[in-house]
Amino acid sequence: MAISAFDLFSVGIGPSSSHTVGPMRAAHLFVEGLRGDGLLERVGRVRGELFGSLGATGHGHGSLKAVLLGLEGEAPETTDPRAAEGRVDQVRSSGALRLAGLRDVRCDPDTDIVLHRRATLPFHSNGMRFTAWASAEPAEGEEPLRTREYYSVGGGFVLGEDEMGQDELVPDDTPVRYPFTTGEQLLARCAESGLPVSGVMLANETAWRTEAEVRSGLLHLWQVMQECVDAGCRTEGVLPGGLRVQRRAPRLAERLRSELGQDPLAAMDWVTLYALAVNEENASGGRIVTAPTNGAAGIVPAVLHYYTRFVPGADDEGVVRFLLTAAAIGTLYKENASISGAEVGCQGEVGSACSMAAGALAEVLGGTPRQVENAAEIGIEHNLGLTCDPVGGLVQIPCIERNAVGAVKAVTAARLAVRGDGSNVVSLDKAIRTMRDTGRDMKVKYKETARGGLAVNVIEC
């Protein structure tokens, strides 16, 4: 199965790809299924149930709002996050939602959107079940019009119940020019074609789009990333959710502008700023690029900003190559492990994002494919075992700072790799396999449940 760069990088809203973007897409798919079956006009009431990690931390991740928006026909790529504020209260007060944006049906968010804190569905910890009835007040035992289960498997990817047991990828059998599923195969494709990693990925992308469309689409993603950083650097205040976390990006930006040229390590401070800005926007429910998840969305943009600001000769072509290389590395994690914090911990989110950004930066710094692979391996190796333990179930502590540290680590990994010859004792494939195995061994409480680690050792004020 082939994965496109536009599967790994997509425009969405915060604060979580698995807990916000995924549930919105799943609810949207459910509604489209009703439409396709000719059942939309018969629906009198709908119900959504969230299980596992979604149920445990869904309130802090905005899952309830995401489900309601999805049932109303909204999609993560196009919804206006600011306009959606207060929609839950409107549905609660009216007792009805606008199904597919067309007609009102009975829905009480307090009883019809259920977050099961302990129960799980088979196959994946991020499970959802949607049910529609013809009656506004279904009688006990009344057969529903339609019931479907979905799984949010990380990065906004959603699988339906008919895909249970398949590999956790977007099903796509499109033949690509240079197929690869491992780092070793990717290096072999580079060697046989004489292309860099980005060139191999670009050739594969043309299986779905023209080369011009690929470049245009990637530059659009870059534009959204820049807009996100700009918004994060300008927006002051306190992040939502009850932890009273103060936005730091605006103050840091002002300080760095005033100190320009005075500190030889200022570039790293700018990288930190870029990551903070993105993840503060994400935590507030703003528009971001999933890269490859929302919880780790600050790392790739921060390192790409580092390239465009601090690397001589940086241009749009380099931006395209950067994103293509990052996507090529990201596919290896989707193919062989996971990018879901609910499945393997934060090593699958920040770890994979750090690896993607490190390899991408190595390429645009002039690195060979083997140096790119080396940089990506360094990026993940030093994130192995990283748990996902969000305080209060919010994508704020430690998530925001963790992106900043991950971005700086990616820069270090890339610079270390391009100053070497590309040889390494631990291959990227072995590191990814280790991440997968470590995730399997990790206790459930450290996988985005807010029941372990910092989440239970920090007093919520």
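UniProt, in an unreviewed entry, places "domain: Serine dehydratase-like alpha subunit" at residues 193-455. UniProt positions follow the numbering used here, feature names are shortened, and annotations may be inferred rather than shown by experiment. The span is 62% helix and 2% strand, with its end C-alpha atoms 48 Å apart. Helices (H or I, at least four residues) and strands (E, at least two) are DSSP runs, numbered from the N terminus.

Ground rules. This is a predicted model: local features need pLDDT of at least 70, side-chain atom pairs count only at pLDDT 80 or more, and totals for chains, interfaces and linings use all residues. Residues are numbered from 1 along each chain as its sequence is written, and side-chain values use heavy atoms, leaving out hydrogens and water.

Next, the domain assignment, whose bounds come from an automatic or database source. Domain 1 is 14-163 and domain 2 is 183-446. Their C-alpha centres lie 30 Å apart. Contact means heavy atoms within 4.5 Å. By that, 23 residues of domain 1 touch 21 residues of domain 2. About 1500 Å² is buried between them, 47% of it from carbon and sulfur atoms. Gly14, Pro15 and Arg82 supply 29% of what domain 1 buries against domain 2, more than any other three residues. Buried area is the accessible area (1.4 Å probe) that two parts lose on being put together, summed over both.

Last, Ser17. Ser17 sits in helix 2 (residues 17-36). The Ser17 side chain reaches the backbone nitrogen of Asn294 at 3.0 Å. Beyond four places in sequence, its contacts include Gly22, Ser152 and Thr290.

Technical notes:
A polar contact is a pair of N or O atoms within 3.5 Å; within protein, one must be able to donate a hydrogen and the other to accept it, and residues adjacent in sequence count only if both atoms are side-chain atoms.
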